Structures are given as structure tokens and as C-alpha cells.
Amino acid sequence: MNGGLLTALADLVLPRTCAGCGTPGAVLCPRCAALLARPRVAAPRRFPWDFPPTVAAGAYSGPVRPAVIAFKERGRAELARPLGTALALAVAAVTAAVPAPRAPVLLVPVPSSPAALRARGRDHVRELTARAVAELRAAGVPAAQARLLRRRGRVRDSAGLTAAQRRANLAGTFLRSGAVPPGALLVVVDDVVTSGATVTEAAATLAADRARGDAPVLAAVVAATPRTVRNATSPGDLRVVPRRSENVPERPLDRLSGRFRRD
Ligand SMILES: [Zn+2]
């Protein structure tokens, strides 16, 4: 039996409600889906050093929160479609900031911890990534999923930790696995950005052996904790936070630091 038929049968027996607002009907009603069609630059309260240029499809607030939690923690896998579409939009927005026409776009999912995978029984970030890749390809973007990161060792659950504690907790969390095709745009993808620690660590792991002149590692997420960016000239500005200069050799990220504008 194919997935479409199963979905159709489930529609007959299971009442459907919007995961965001509870309105009967679609898994995500048009009003809630529209909240994830507003790409914006993710702006953590404190930018971690090396926070990659990151775009979110919407704010992690209001009905978006329960929708993401329903997908992630409550097993509502059918939300992969609308949330994956939102992720594709964020990927398209962040890659538009980098002048690399027709470069292959590799979506690198942030790997969940083994404990989280066991608890959920699935890898929701990979599900989102697969859906986003399908959407991007349908739109003519040469996108693919590249599982270039894996987890190293054991990491504490980050719930209840401060941003700095999260960063320390994550330091050395990821290992790169597999070769990065030269010239590809790398986009770390995850469900949500809050402190920014996870995407920063993931992007740093991927950036460690990029060649000079390569585009910076980017990041895209479904939703980001909303913040007001002070001193930004427009919401379309993408900032790369440079590393402290005293102890870091020049790298592509430094040369490219400053601002990327969406055209
Ligand atoms: Zn809704």
C-alpha cells in the first residue's frame, strides 16, 4: 500500500486538525503555513563566535511552536511536508546571499543524539531535509542531502543550560564524515535555532577544511527564536560574526565576513 493511499485512509478515520492552531482541516492550515513563509535572518540573543549566516522560514513563536513540537516530539510525521517546504524556502533565501550561481546546494542535516533518536523512533531532521530537497529540486535548484556530520560521544541534554553552557556542552560534538565536493554550497539544516550553539558547532566542523575562496558554510532552519536585530539596516542583512582575530588564522570566513545581502 503506498503512502498516498494510507494518508487518504487515515483522513477517513482520523480527525485532522491544524498542528498550529487546532482548526479542523489541514495538518497545517493556510494561516499557520503563512507564518512559515516569511524568511528572516536568525538572530540569537548573543551571537556565538562564528555563528553562520542563518535564515529561518519564520519565527519560533505563536502557532509555529506547537506545530514544530507536534512534528518533532508527538510523532505527527505528516507535518514533514509543510515544514520541509518552509525549510526549502529558508535554504533558497540563505543561498541567494552567496554569489555562486548553479553551484550544487548540499543540505547537511544536524544529527540528533542517539538518545533522541531512540526516544522518537525516527530522525525528524532527516525527514525535513528530504522534503526540502524534493521541493528545491522541483524548483530547479540542484540540491541534495549530504549527511556529512555525525555525533561524537555523549552530550548532555541541553535543556536548562545557558547559551554558554550549551556551547561548551557541544564543543567537539560533531565529526565530519565523508568528503565535501569542491564548489558545493554547504547549508547546515535543523528544525529550530534558539541559542545558535548547535548550528555554529555544526558549521565550524564543516568549515574546518574548506578551501580558500569557498563560500562560507550557511545554515537554514524552519524557525528561529524571534529577536530584534539592532543596528541592522534591513531584515535582509546577513551577518557573519568574525572570530576573535588574535588567535585565529585567516580563513575564507574571515575574508568574507561582513555582510551578505540578498539581491
Ligand atoms: Zn492553523
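The largest nonpolar core has 69 residues, and Leu87, Ala90, Val91, Val187 and Val189 touch the most other members. Here a nonpolar core means a set of buried Ala, Val, Leu, Ile, Met, Phe, Trp, Tyr and Cys residues joined through C-beta atoms within 7 Å. Buried means that 20 or more other C-beta atoms lie within 10 Å of the residue's own; exposed means 12 or fewer, partly exposed is in between, and C-beta atoms are placed from the backbone. Helix 4 (residues 80–95) gives the most to this core, with 11 residues.

This is a predicted model: local features need pLDDT of at least 70, side-chain atom pairs count only at pLDDT 80 or more, and totals for chains, interfaces and linings use all residues. Residues are numbered from 1 along each chain as its sequence is written.

**Overall make-up**

The protein has nine helices and 10 strands. These are DSSP runs, numbered from the N terminus: helices are H or I with at least four residues, strands are E with at least two. Of the 263 residues, 42% count as buried. Take the contacts between residues at least 6 apart in sequence: 74% of them join residues at least 24 apart. A contact means that two C-beta atoms, placed from the backbone, lie within 7 Å.

An open sheet holds six strands in the order 1-2-8-7-3-4, with mixed pairing. Strands pair if DSSP finds at least two bridges between them. Strand 1 and strand 4 (143–145) are the edge strands, and each pairs on one side only.

|---|---|---|

More partners can be named. Leu107 has Val187 as its bridge partner in strand 7. Val188 has Ala219 as its bridge partner in strand 8.

Why is strand 3 largely enclosed by the rest of the structure? Because five of its five residues are buried. In a regular strand the side chains alternate between the two faces of the sheet. In strand 3, Val105, Leu107 and Pro109 point one way, while Leu106 and Val108 point the other way.

The angle runs from 0 to 180 degrees between N-to-C directions, and axes are lines fitted to C-alpha atoms, for helices over the stretch in contact. Helix 8 is mostly covered, with 11 of its 11 residues buried. Among them are Ala197, Val199, Glu201 and Leu206.

**Helix 4 meets helix 6**

The axes of helix 4 and helix 6 (residues 124–138) come within 7 Å and cross at roughly 65°. By class, the contact has nine nonpolar, two polar and four charged residues. Nonpolar covers Ala, Val, Leu, Ile, Met, Phe, Trp, Tyr, Cys and Pro; Asp, Glu, Lys and Arg are charged; the others, Gly among them, are polar.

Which residues does Val91 contact, leaving aside its neighbours within four places in sequence? They are Val105, Leu107, Ala132, Leu136, Val187, Val189 and Ala220.

**Two single residues**

Ala67 lies in helix 3 (residues 64–73). Ala67 counts as buried because it has 29 C-beta neighbours inside 10 Å. Not counting residues up to four places away in sequence, Ala67 touches Ala19, Gly20, Leu28, Cys32 and Leu79. Val27 is 40 residues from Ala67 along the chain, and their C-alpha atoms are separated by 9.0 Å.

Asp50 is found in the loop between strand 1 (40–41) and strand 2 (54–59). Is Asp50 buried or exposed? Asp50 is buried, with 23 other C-beta atoms within 10 Å. Most residues other than glycine have a negative phi. Asp50 is not a glycine, yet its phi is positive, about 70°.
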